[in-house]
Amino acid sequence: ATSSSSQEDLVNVIRVLERDAESARDGARQRLNEELQLQMALWASAEFPVHGSALDALTGPVHQLQISTAAPELSQTQAIVLAAAEDGDAAQLLGALAEAKRFSTVSVSLEDAARGLRASEEAMLTWRCLKLALLSKDRHEIQVWLEQATEWGLNVPPGINEVLQHLKELEERDLESFQRQREISQRLQFAEEAGDPELLAQVRREAVECGLIAGDQEPTAPPSPGGNEGHTSATPAPPAPEPSAGDQGPDPGTDEPPPPPAPEDSRTTKELLEQCRRRCLDTTRCQTREDLINLLQSPEPPVAEAAARSAPSAPAPARSLPSPSG
């Protein structure tokens with residue numbers, strides 16, 4: 001609850017910063033329009049004397065300045081500056097001003113106004129995206145826009161590092177829960193295939209505890225062994241592929257023939273589990289049918305603890321009684 005309230009307070013602070021940056025952006029745009037009007041008048045006066053309505057056209061609002069063949073006094077670079085200003089792209093405007101400085105005089109105050117507009121736009125965009133990342137609780141997006149704010153020299157409000165640490169802990173907790181549910185899901189499928197009611201009940205209790213299934217959900221019925229002692233439930237082996245021309249017989253350069261393919265085990269999971277228990281083998285780590293096969297084929301399989309404790313010790317050798325004298 002404390003982390004949620006601190007995150008909500010942080011979002012409210014960033015909302016205020018976003019509104020302040022938006023107000024600064026509007027003021028920067030107004031200043032840029034005023035400086036651009038003065039710049040156009042400066043360019044016009046440097047080319048030819050301006051009188052009457054021509055001066056009014058050059059000093060009017062930026063969006064009313066039209067570029068056409070009727071104004072030959074405007075060079076191509078000056079026209080690009082006007083087009084960038086009308087589009088409201090501060091980055092493009094700075095590039096156009098840098099190009100115009102090579103051929104004509106550009107006011108320093110106009111460049112400062114363009115830089116101020118770009119800084120205010122970047123600040124508004126950064127705060128807005130950081131706010132959205134906090135609302136969506138996206139730790140990686142928060143980190144990206146936090147670095148962007150630092151790069152632009154913005155004062156990041158305190159508490160954001162604590163929010164990042166809290167989100168990281170939540171991600172780790174969710175990952176552990178997902179891995180736990182995945183493991184229990186595999187064990188539950190294994191218990192259903194084995195048809196063991198005791199094992200199925202145990203794994204199902206664990207599945208309910210971790211939220212994998214609901215408490216009132218009935219477990220899936222284990223597969224029926226069928227009429228041939230469970231052999232009909234086993235999946236038939238796919239047909240062997242046709243041998244290619246290069247596989248006809250052993251290699252002439254070698255004396256040993258290739259090893260024969262391993263026979264397919266047709267026993268069901270239930271039969272394998274019963275055989276492991278008859279041999280008192282430890283099946284606690286077995287989660288698939290292949291695990292049971294490997295356990296049975298192991299040269300030194302682990303023995304269950306209960307079977308090891310209940311195994312009778314070797315009887316002591318009988319002592320022979322001395323024969324009676326006489």
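Leaving aside neighbours within four places in sequence, with which residues is Gln39 in contact? Gln39 is in contact with Thr105, Val106, Ser107 and Leu110, where contact means heavy atoms within 4.5 Å. The model is predicted: local features need pLDDT of at least 70 and side-chain atom pairs count only at pLDDT 80 or more, while totals for chains, interfaces and linings use all residues. Residues are numbered from 1 along each chain as its sequence is written, and side-chain values use heavy atoms, with hydrogens and water left out.

Gln39 lies in helix α1 (residues 2-47). Its relative accessibility is 1%, so Gln39 counts as buried; buried means under 20% relative accessible area and exposed over 50%, with partly exposed in between (1.4 Å probe, protein chains only). Between the C-alpha atoms of Gln39 and Val108 there are 10.0 Å, and the two residues are 69 residues apart along the chain.

The chain has eleven helices and zero strands. Helices (H or I, at least four residues) and strands (E, at least two) are DSSP runs, numbered from the N terminus. Of the 326 residues in the chain, 29% are buried. Among contacts between residues at least 6 apart in sequence, 55% join residues at least 24 apart.

Helix α8 (residues 197-209) has 13 residues and spans 18 Å from its first C-alpha to its last, close to the 18 Å expected at 1.5 Å a residue; the expected span is 1.5 Å times one less than the number of residues.

| Class | Residues of α8 |
|---|---|
| Buried | Leu199, Leu200, Val203, Arg204, Glu206, Ala207 |
| Exposed | Pro197, Glu198, Arg205, Glu209 |

Seen down the axis of α8, the buried residues fall within an arc of 160 degrees, so they line one face of the helix; the arc is that of the directions from the helix axis to the C-beta atoms. These buried residues pack against α7 (160-194) and α9 (269-278). Just after α8, Gly211 has a positive phi of about 80 degrees.

Helices α7 and α9 also pack against each other, at an angle of about 90 degrees and with their axes 7 Å apart. Axes are lines fitted to C-alpha atoms, for helices over the stretch in contact, and angles run from 0 to 180 degrees between N-to-C directions. The angle makes α7 roughly perpendicular to α9, a term for angles of 65 to 115 degrees. Phe190, Glu193 and Ala194 in α7 meet Thr269, Lys270 and Leu273 in α9.

How values were computed. Parallel < 35°, antiparallel > 145°, perpendicular 65-115°, else oblique.
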